Structures are given as structure tokens and as C-alpha cells.
Amino acid sequence: MKYAIIGGTGVYSAGDGNTIEVKTEYGDVEVDVINFDDTEVAFISRHGKEHSIPPHMINYRANIMALYKLGVRNIFATVAVGSMNENFKPGDFVIANDFLDFTKVREHTFFTGGDKGVRHVEMSDPYCKNMRERFMELAKRRDIEIAGEGVYLTAEGPRFETAAEIRFMRQIGADIVGMTNVPEVTLSKELGICYSAVGIITNWCTGMTNIIESHDIDSVMSEKKDLLTGLFVDVFKEGLGQENCNCQDSLI
């Protein structure tokens, strides 16, 4: 099984399949295995299918290791994000092309010293360029608008950001903000897995416009989630490998 989707807020399934439990040294993970016209795709609900796991308590290491043990080498992830870029409005799709890490209490690496050793992972292309390009090409062929690419800032959560924080984040180059993409992206890179995250803009960030309302977030996600996961699956069905990137050679 080479392919996987990680669903974020509002994306709790990608189709009907069998649920298996994958045991890892970091914890056990429930994975749905779904067959799309002979293309097998693993699916993990990042927050749990009942949205019961807050962002700072997700077992990121277990999730990524479980997919690795299943043979996954390409992961598409959905992320529900707020926009601090006037060009990205609620309802838009935005592809992450870099990140800023403002997390505080998470386990960020598989390499913790001792028997694990000490390794470093280079970050010149944290989100697989090949996967980003393939996704963009397919969306263009399907006449589905992608607002652009942007820098994803990962905040610790679970609270939203203050207006002062958003002003600072804009000054240092962030376009969108969420609470989950780090360390998911870096752990994937440590295991040589190609990873790409596509954001669905659910709201304007604090101070940009009106107060965030949860039902607006739910409404945007319910409208866009099937379209986005369907695009992921169609990229997988067309075939996707690791020969056009350096993701599998990122450890130093």
C-alpha cells in the first residue's frame, strides 16, 4: 500500500473500507483501508472520527509510523486553516509550500538519541514538490480553482490566535494558520515519505474581519471535503512515485 490520506477537521472518512489496527512502538492506530478501482488508499482521521483529540494531543509519531509500516510512501493531508492573506478567502484551496513552527509541547522527531541515534532532516522542500505539482495539474485539468501556494504557520492550539499574534505572523511571512501540520510534515520527511498538505480556508484570522463562528467552519468543510479527497484519490490512481523528488533522501 503506497498511498494515504490524513483527514483533518471536518474530514473523518474518505469512503467505505475495512478498519485495521496498526501497532507501533508509539501507540496503536486505527487505519481505514479503502479500495478505489484497484488503487488501495490508507486513511487516518487526525482528530479521531468523533473529533475527540485536540491538536496538541494527537499522537503524530504513531500515525506516521503506522502508515510507514503499511508501506505508504505518499501522503496527502487536508488541513482546515484560517487566512491572514487577503488573496485567500474562506472556501479557497491553498497548497502549503513552506511552514513556520510555533508549537511548544509536541514530540517532533523519531530520533531521540540512545538506540535511536541522532539524525537531522533537511527542510529545503518540506512539502513534496512533485506531489504539489501533480495536484495542481489535475485541478487545472478538472477546472477546479486553486487559490495558490502559501506558508503554513502551525500554532499550538487549541485556542485561536489573538489579533496581535496574527499581525506578527503576517509580518514574518505566514499566509495561513492551523494547529496540526507540524510535526506531521517533519515526521514524514524523517521516514522518507513524500507529503503534501492542502488547506481549506475556513475563516479569516482574528483581526482580519468578523469574529469566527464554528458553524461557518463546519459549513465550509462539508462543502469542500469530498472534492478535495476526490482529487487526492485521482492523483493516486494516475500513479505517483518518488522518482521526481528528493524526499526519500532527506536525512543528514
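Asn18, leaving aside neighbours within four places in sequence, is in contact (heavy atoms within 4.5 Å) with Val31, Asp32 and Val33. Asn18 has its place in strand S2, where strands (E, at least two residues) and helices (H or I, at least four) are DSSP runs numbered from the N terminus. Asn18 is exposed, at 57% relative accessible area; here exposed means over 50%, buried under 20% and partly exposed in between, with a 1.4 Å probe and protein chains only. Ile5 sits 13 residues from Asn18 along the chain, and their C-alpha atoms are separated by 15 Å.

A quick word on the source: this is a predicted model, in which local features need pLDDT of at least 70 and side-chain atom pairs count only at pLDDT 80 or more, while totals for chains, interfaces and linings use all residues. Residues are numbered from 1 along each chain as its sequence is written, and side-chain values use heavy atoms, with hydrogens and water left out.

Now for helix H1. Eight of its 10 residues are buried, so H1 is largely enclosed by the rest of the structure. The buried ones are Tyr60, Arg61, Ala62, Asn63, Ile64, Met65, Ala66 and Leu67. What do they pack against? Their partners are S1, strand S2 (18–24), S3, S4, S5 and H4. After H1 comes Gly71, with a positive phi near 95°.

The H4 side of that packing can be spelled out. Two packed helices are described by the angle between their axes and the distance between the axes. For H1 (residues 60–69) and H4 (residues 181–190), the axes come within 9 Å and cross at roughly 35°; axes are lines fitted to C-alpha atoms, for helices over the stretch in contact, and angles run from 0 to 180 degrees between N-to-C directions. The crossing of H1 and H4 is right-handed, meaning that the near helix is turned clockwise from the far one by less than a right angle. From H1, Tyr60, Arg61 and Ile64 meet Pro183, Glu184, Leu187 and Ser188 of H4. Sorted by class, this contact has four nonpolar, one polar and two charged residues. In that scheme Ala, Val, Leu, Ile, Met, Phe, Trp, Tyr, Cys and Pro are nonpolar, Asp, Glu, Lys and Arg are charged, and the others, Gly among them, are polar.

H1 also turns up in the core. The largest nonpolar core has 36 residues, and Ile64, Leu67, Ile75 and Tyr127 have the most contacts inside it. A nonpolar core is a set of buried Ala, Val, Leu, Ile, Met, Phe, Trp, Tyr and Cys residues joined through side-chain atoms within 4.5 Å. Strand S1 (3–7), strand S3 (27–36), strand S4 (39–45), H1, S5, S6, H4 and S9 each supply at least two residues of this core, and the largest share, six residues, comes from H1. Apart from this core lies another of 33 residues, among them Val41, Met131, Ala139 and Ile200. Not counting residues up to four places away in sequence, Ile75 touches Ala4, Ile6, Ile64, Leu67, Met131, Ser188, Ile193, Cys194, Tyr195 and Ser196.

On to the sheet. Is strand S9 (residues 194–204) mostly covered or mostly open? Mostly covered: 10 of its 11 residues are buried. The pairings below follow the rule that two strands pair if DSSP finds at least two bridges between them.

| Strands | Sense | Bridges |
|---|---|---|
| S5 (residues 74–83) and S9 | parallel | 10 bridges |
| S6 (residues 93–102) and S9 | antiparallel | three bridges |
| S6 and S7 (residues 148–155) | parallel | eight bridges |

Ala77 has Ala197 in S9 as its partner, Ile95 stands opposite Val198 in S9, and Phe93 is bridged to Ile200 in S9. Over in S7, Thr154 is the bridge partner of Asp101.

The Gly157 to Pro158 peptide bond is cis, with omega near 0°, and Pro158 has its place in the loop between S7 and helix H3 (163–171). Another cis bond joins Val182 and Pro183, with omega about 15°; Pro183 has its place in H4. Asp38, although not a glycine, has a positive phi of about 75°. Asp38 is found in the loop between S3 and S4 and is exposed, with a relative accessible area of 73%. His51, also not a glycine, has a positive phi of about 50°. His51 is found in the loop between S4 and H1 and counts as partly exposed, at 36% relative accessibility.
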